[in-house]
Amino acid sequence: MFVNLNVSYSYSGIMRNLILLKKNYPRLLALRTAGVSHDGRDIPLVRVGKGDIGTLCIAGVHSRENINPIVLVAIIEKLARTYYSAGESLLDNYAIYFMPLMNPDGYEISTRGFGAIRNDILRYRCEKIQPDYSGYKFNARGVDINRNFACQAFMPSLYSGACNSENETLTLIRVCRDNELLGMIDFHSRGNNIYYHRAAMSEEYNQKQLQIAQQLSLLTGYSLNSPELENPDNLSGGNTVQLFSETYHKPAITIETVEEEADFPLDKKYQSVVFDAIKEVPLTFLNLLVHGH
Ligand SMILES: [Zn+2]
């Protein structure tokens, strides 16, 4: 394996691994820059598979949830290795799109401190918002990206920004618009559980969501969150899965990795634990949406 789940990676370490994987598995992987963050970092998009139609898996929206980005890179490597050694017909005809690091500026802050931000004005503002960098979950403009998307439950607040105001938000919107996606999963931490209910959507939509979530629960051992937990404080709206479900009426699941009691920044010991729990999720999710089983 190129990815070593026993070590912690910086933003550039994650990018180096993606480039390495692209070089070693050129028949299966395509790597491009989907957008650029406010402090000037590339937001990578990887297509795994030869088809155009597919699913999307994203991670790192909240910066302090710093385990999932490298775990998704390790899953990309696993998919590529398996494909090169044994083949995978699903990936001959479809694709899994990955955006493993949605918020690269925030990732750098939460893992290395505010000194990682190059722009003086942005750095000063971030430090003011939350002096403890290890718990930082925003982007470099102090916005919670997962409260920034234009959707029914969007609620203006201190950290929401104006609807769709952030580079990271617009990058995801573009990727969803420009690719033919059957569904998406957004990986967060913590809780070892799965959110599937979308209050803005129909009963029929939510029944399908429940069926998919039950399959993913069996696979991961993660529990299902009840519908009331989607937005208990009315301040949790404006997130990625709401945008996707309301715009495309296709499945959109949130998976919370890592036990609830874990401290931020998340210890690197969780990387291999989470990899083992979710490594089959992306391909299983694609299979469920293509074949229904
Ligand atoms: Zn989160």
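This is a predicted model: local features need pLDDT of at least 70, side-chain atom pairs count only at pLDDT 80 or more; totals for chains, interfaces and linings use all residues.
Student: How far apart should the ends of α7 be, going by its residues?

Tutor: Helix α7 runs over residues 203–220, which gives it 18 residues.

Student: Which residues of α7 are buried, and how wide an arc do they cover?

Tutor: Look for Gln 209, Ile 212, Ala 213, Leu 216 and Thr 220, which are buried in α7. They lie on the same side of α7, because around the axis they cover an arc of only 105°.

Student: What covers the buried residues of α7?

Tutor: Both strands and helices turn up here. The cover includes the strands β6 (193–195), β7 (223–224) and β8 (252–257). It also includes two helices, α9 (269–278) and α10 (281–291).

Student: Gly 292 sits in the segment after α10. Is Gly 292 buried or exposed?

Tutor: Count the C-beta neighbours inside 10 Å: Gly 292 has 9. A residue with 12 or fewer falls in the exposed class. So Gly 292 counts as exposed.

Student: How far apart in space are Gly 292 and Asn 193?

Tutor: In sequence, Gly 292 and Asn 193 are 99 residues apart. In space, going from C-alpha to C-alpha, the distance is 22 Å.

Student: What covers the buried residues of α8?

Tutor: First find them in α8, residues 240–248: Thr 240, Val 241, Gln 242, Leu 243, Phe 244 and Ser 245 are buried. Their cover includes β3 (54–59), α6 (167–178), β5 (181–189) and β8.

Student: His 249 follows α8. Is His 249 buried or exposed?

Tutor: You'll find His 249 in the loop between α8 and β8. Its phi is near 55°, a positive value in a residue other than glycine. With 12 C-beta neighbours inside 10 Å, His 249 counts as exposed.

Student: What about Val 258, buried or exposed?

Tutor: Val 258 lies in the loop between β8 and α9. Phi of Val 258 is positive too, near 75°, and Val 258 isn't a glycine. There are 22 other C-beta atoms within 10 Å, so Val 258 is buried.

Student: What is omega near for the peptide bond from Phe 264 to Pro 265?

Tutor: Pro 265 is found in the loop between β8 and α9. The peptide bond from Phe 264 to Pro 265 is cis, with omega near -5°.

Student: How do α1 and α2 pack, roughly parallel or roughly antiparallel?

Tutor: Helix α1 (residues 11–24) and helix α2 (residues 68–86) have axes 10 Å apart, at an angle of about 10°. That makes α1 and α2 roughly parallel.

Student: By class, what residues make up the contact of α1 with α2?

Tutor: From α1 you get Ile 14, Asn 17, Leu 18 and Leu 21. They meet Pro 69, Ile 70, Val 73, Ile 76, Glu 77 and Ala 80 in α2. By class, that contact has eight nonpolar, one polar and one charged residues.

Definitions and conventions
Residues are numbered from 1 along each chain as its sequence is written. Axes are lines fitted to C-alpha atoms, for helices over the stretch in contact, and angles run from 0 to 180 degrees between N-to-C directions. Helices (H or I, at least four residues) and strands (E, at least two) are DSSP runs, numbered from the N terminus. Angles under 35 degrees count as roughly parallel, over 145 as roughly antiparallel, 65 to 115 as roughly perpendicular and the rest as oblique. Two residues are in contact if their C-beta atoms, placed from the backbone, lie within 7 Å. Ala, Val, Leu, Ile, Met, Phe, Trp, Tyr, Cys and Pro count as nonpolar, Asp, Glu, Lys and Arg as charged, and the others, Gly among them, as polar. The expected span of a helix is 1.5 Å times one less than its number of residues. A residue is buried if 20 or more other C-beta atoms lie within 10 Å of its own, exposed if 12 or fewer, and partly exposed in between; C-beta atoms are placed from the backbone. The arc is that of the directions from the helix axis to the C-beta atoms.
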